[in-house]
Amino acid sequence: MVRHSQRLHAPRHAVAPRPAATVLLLRDSTDPDKPGIEVLMTRRSATASFAPGAYVFPGGGIDSADHQVHAMAKRRPGQSDLHLTQAIAAIRESFEELGVLLARHKNGSAVRHAEVDALDRKKPLFPQCEAQGWTLDTERVFVLAHWVTDRDLPKRFDVPFLVAPMPDGQVPVADESEQFEPVWVRPCDALERHKARQFFMIFPTIRTLERLTPFNSVQAVLDACAQDESPLWTSCPRAGTLAGKEVRYMEDEPPFGELALVCPDGQMDHALDWQHQEPVRLTRNVQRLTAGNPGVMTGPGTNTYIVGDPATGHIVIDPGPDEPEHIDRIWRAAGGDIRNIVCTHSHPDHFPGAPTLAALCESAGKPRPPILGLPSAPTARAASEFTPDRTIEDGERLVLQGTSAQGEVVHTLQSVHTPGHAANHVCLVLEEDGLLFSGDHVLNGSTTVIDPPDGNMGDYLDSLDRLTQLCAQYQIDFILPAHGHVLGDIRLGNENPYGQPDGGAHAAIAHLKAHRLKREAKVAKAMQAIPDGSMDDWVKIAYDDVPDRLWPVAKRSMLAHVEHIQSMGGFNA
């Protein structure tokens, strides 16, 4: 866990979220030219205190009365008290805002539009239903998602997004005070209209509609939600800026972890643009400078990390390609005080700049920093041949120490040998702050290529297990990869809706390993389907979810999977 003294921002307390409920009323499209589901949306008042003028789903805060009328509600098996209360609140809100009521007579038949229309929408709903002998049809209301409003906003809600089929024969009529212009729209059409700036929506609405687009019927949505009574996803988004504009991301999107590290309390003060001119400060003792070598294999470029501060000096991790401007920027970002240069491995986008950087320090009158790493193995390609000044030992600690105005300062980087992507791959753990510098072993936005003979899938998976152990030992929440944004604050499952680190780097590694093993199962299936097949035959099956233009690269990792399967006594053609 990052020390408070190394955080960029002082802690701030986000506004406590208010319990609320929202319901997506669904129906199947009857237009043969536009098949799929339609969802009922309305436009909020232009003077509303939250999301003014936005198209939304009906909903609002949970009232005390919603907790008190469980006896009036029809509960399905497995529906918890909390979910029942939320469903009751959603039914009440849809009645108050749109005049739509999910309720049934004593004989089980649905209430009709004329009966609902005869009720007074300005009076409490529940006494009116009780007088009619109606039961709230909460058993048809399911939890789709769980959203918690972003930490930076002044008004926040803790709200389930519920789904229910639109009652037959009822017609929505807006209350013309909170909601206006009820409209039935397919998720894909709403998204297109929003993109064209014709249908304003806020972030959770957009993401919810995006995740509804694959469903082709209302029943398919309800069936998915009914599987275990849990939300299909849970999110408390994070915000930053991109090209000077506000952007928001969910937990499964690449920038989320970086925002969690830099702005943990929603400070909204971090630019996510990839640029190569200036270092990006991630903590007080960690800067990232991205080399100007973007590409298919390098993403936005190779990340060079500069660890330390003026009081302790610095350690540079992966100086990248031998590009003079990039090397000069590294030297300037470190104030010319570089104590060690560490290369995580010897691929040509990581180590060639090391000698030039060391020489620059020396020419400026500073001691020449040693270049540390593991020598390349005989299996390395010619462009990856590398001999460090000194071999870094497994478990070796590189200590930066000094005295600042705040007192004694220590930054300790521990070396961890992690063969797999390359035979000489090393990761580093910043022990005091629980940060993992993963080189190419763990990436953000893509999976690491394992290219035999220098790459080995068995070693790669074993190294992932070792990193998992270190994550627990040092409470590592964040991974700083050589390509892409910081990884972290990722959850597996639906627990902890506030998006605080829950497993952190451990969860990211677990997700990565599960992905690798799933891919390996597909490779084994391909080998069994075509026993005498070639790599070209197998890649079509094992990587059918990957664009064929990427198959030449995919085949390199597939060979590593094939060798791993065979090493364990698996299929051998």
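The legends below describe an overall view and several close-up views of one predicted protein model.

Residues are numbered from 1 along each chain as its sequence is written, and side-chain values use heavy atoms, with hydrogens and water left out. Because the model is predicted, local features need pLDDT of at least 70 and side-chain atom pairs count only at pLDDT 80 or more, whereas totals for chains, interfaces and linings use all residues.

**View 1. The protein chain as a whole.** The secondary structure of the protein chain comes to 14 helices and 25 strands, where helices (H or I, at least four residues) and strands (E, at least two) are DSSP runs numbered from the N terminus. Along its principal axes, the C-alpha trace spans about 85 × 70 × 40 Å. Of the 573 residues in the chain, 55% are buried; here buried means under 20% relative accessible area, exposed means over 50%, and partly exposed lies in between, with a 1.4 Å probe and protein chains only. Among the contacts in the chain with a separation of 6 or more, 63% come from residues 24 or more positions apart, a contact being heavy atoms within 4.5 Å.

**View 2. The second largest pocket and its lining.** This pocket has a volume of about 1,400 Å³. Of the 47 residues that line it, Phe50, Ala51, Ile202, Phe203 and Pro204 are the closest to its centre. The elements that give two or more residues to the lining include strand S1 (18-28), helix H2 (81-98), helix H5 (187-195) and helix H6 (203-212). By type, the lining residues divide into 23 nonpolar, nine polar and 15 charged; Ala, Val, Leu, Ile, Met, Phe, Trp, Tyr, Cys and Pro count as nonpolar, Asp, Glu, Lys and Arg as charged, and the others, Gly among them, as polar. On a 1 Å grid over the protein atoms alone, a cavity is a set of points where a 1.4 Å probe fits but cannot get out, and a pocket is an open set with protein on both sides within 12 Å along at least five of seven lines, while lining residues have an atom within 4 Å of a point. Grid points are joined across faces, edges and corners, and a volume is the space filled by probe spheres set on the points.

View 3. The buried residues of H5 are Pro187, Ala190 and Leu191. Seen down the axis of H5, these buried residues fall within an arc of 100°, so they line one face of the helix; the arc is that of the directions from the helix axis to the C-beta atoms. Strand S2 (37-44), strand S9 (179-185) and H6 are among what covers them. In the loop between H5 and H6 lies Arg197, which is exposed, with a relative accessible area of 76%. Although Arg197 is not a glycine, its phi is positive, about 65°.

View 4. Most residues other than glycine have a negative phi, and most peptide bonds are trans. Met268, found in the loop between helix H8 (256-262) and strand S13 (280-283), has a positive phi near 55°, and at 25% relative accessibility Met268 counts as partly exposed. Elsewhere, a cis peptide bond with omega of about 5° joins Pro452 and Pro453, and Pro453 lies in the loop between strand S23 (435-439) and H11.

**View 5. The surroundings of Asn424.** Asn424 lies in the loop between strand S21 (407-417) and strand S22 (426-430) and is buried, with a relative accessible area of 2%. Its side chain is joined to that of Ser346 by a polar contact of 3.1 Å, and a polar atom of the Asn424 side chain also lies 2.9 Å from the backbone oxygen of Leu374. A polar contact is a pair of N or O atoms within 3.5 Å; within protein, one must be able to donate a hydrogen and the other to accept it, and residues adjacent in sequence count only if both atoms are side-chain atoms. Not counting residues up to four places away in sequence, the residues that Asn424 touches include Thr344, His345, Pro375 and Phe386.

View 6. Arg238, in strand S11 (residues 238-242), counts as buried at 4% relative accessibility, and a polar atom of its side chain lies 3.1 Å from the backbone oxygen of Pro264. Cys471, in helix H11 (residues 457-474), is buried with a relative accessible area of 4%. Leaving aside residues up to four places away in sequence, Cys471 touches Ile476, Ala505, His506 and Ile509.
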